[in-house]
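Me: I have a structure open and a few things to ask about it. Can we go through them one at a time?

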Amino acid sequence: MASNAAVPFWRAAGMTYITYSNLCANLVSQCLKEPYRSEALNREKVHFSVSKWVDGKPEKPTTRSDTPE
Amino acid sequence: MLRRATTRILSHRRHCSTAEALKVTAADDLFMAAWKRTMPNLDPPKTPLSFLQPRPSTASAASIPSKMTINLVSSCSSGLSNKQAHMVIVPATTGQMGILPGHVASISELKPGLLSIYEGNEVTKYFISSGFAFVHSNSVADIIAAEAVPIEQVDPSSVQKGLAEFTQKLSTASTDLEKAEAQIGLDVLSALNSSLSG
């Protein structure tokens, strides 16, 4: 069977479909009227703490958050 | 128990009962029977099967329904559920695709663009950021998108500002990735722009 059609430009540049889709969704959210814009941007906010494990012991956790502490 | 029986009969009448629907209730009945045997005093829990709404059979190729059923789902909400319409136009990567009842089953990837649903004389328009459209052979169309916003919620001035910003980003982009991002921005914003005016 013949190979697929030419890859999309973003995949040729090394971007995955999920990254592309999220990028498009963010661009659309930024172009909305208030209050829809703040609702959409609030949905994407994250807040979590990550700790790496080395030699079976957890290191000090780092917090990733959109709201400054 | 009688209440549950009546809801099950009603849900049968709402959708055309097919062999699949009968199989669903048979499995449910087995669970119910086993529950009553072991715990006759407790109310049985609702099983996932009881939440399942049977879909029209895909085998009925002879009759083309007069309207199609559209489900629009986005990441945050189910925008439309079982909406009846005459035609829907989806922004596929291969161009604007019109889907009528009786359309052949297909899967299309969507690009950022306008989704229009025609019902009689009314048109409902949504802007889709990207996603997929599944058309089944029973005239049910499932459209899933990361963001599906009614076109009225789009702000024209932000679109113009974004267009200028990304045109500038494209000219100053150096790496392949930056160029791709700027190009994506331009694609999305020019689609937004043309949907606002078109």
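**Strand 3 of chain B, then a serine in chain A**

Reply: Strand 3 (residues 87-92) of chain B is mostly covered, with five of its six residues buried. Keep in mind that this is a predicted model.

Me: Which strand does strand 3 of chain B join through five bridges?

Reply: Strand 4 (residues 95-99) of chain B, and the two run antiparallel. Val90(B), for one, has Met97(B) in strand 4 of chain B as its bridge partner.

Me: How many residues sit between strand 3 and strand 4 of chain B?

Reply: Two; the strands form a hairpin.

Me: And in what sense does strand 3 of chain B pair with strand 6?

Reply: Antiparallel, over three bridges; strand 6 of chain B covers residues 113-119.

Me: What is the bridge partner of Met87(B) there?

Reply: Tyr118(B), in strand 6 of chain B.

Me: Changing topic. Where does Ser38(A) lie?

Reply: In helix 3 of chain A, which spans residues 36-43.

Me: Why does Ser38(A) count as partly exposed?

Reply: Because its relative accessibility is 31%, and the partly exposed class lies between under 20% for buried and over 50% for exposed.

Me: Which backbone oxygen does the side chain of Ser38(A) reach?

Reply: That of Pro35(A), at 3.1 Å.

Me: How far is Ser38(A) from Pro8(A), in sequence and in space?

Reply: The two are 30 residues apart in sequence, and their C-alpha atoms are 31 Å apart in space.

Notes
Residues numbered from 1 in each chain as written. Chains lettered and ligands numbered in written order. Predicted model: local features only at pLDDT ≥ 70, side-chain atom pairs only at ≥ 80, totals over all residues. Heavy atoms only, no water. Buried < 20%, exposed > 50% of the residue type's maximum accessible area, 1.4 Å probe, protein only. Helix = DSSP H or I, 4+ residues; strand = E, 2+ residues; numbered from the N terminus. Pairing = 2+ DSSP bridges. Polar contact = N/O pair within 3.5 Å; in protein donor to acceptor, adjacent residues only side chain to side chain.
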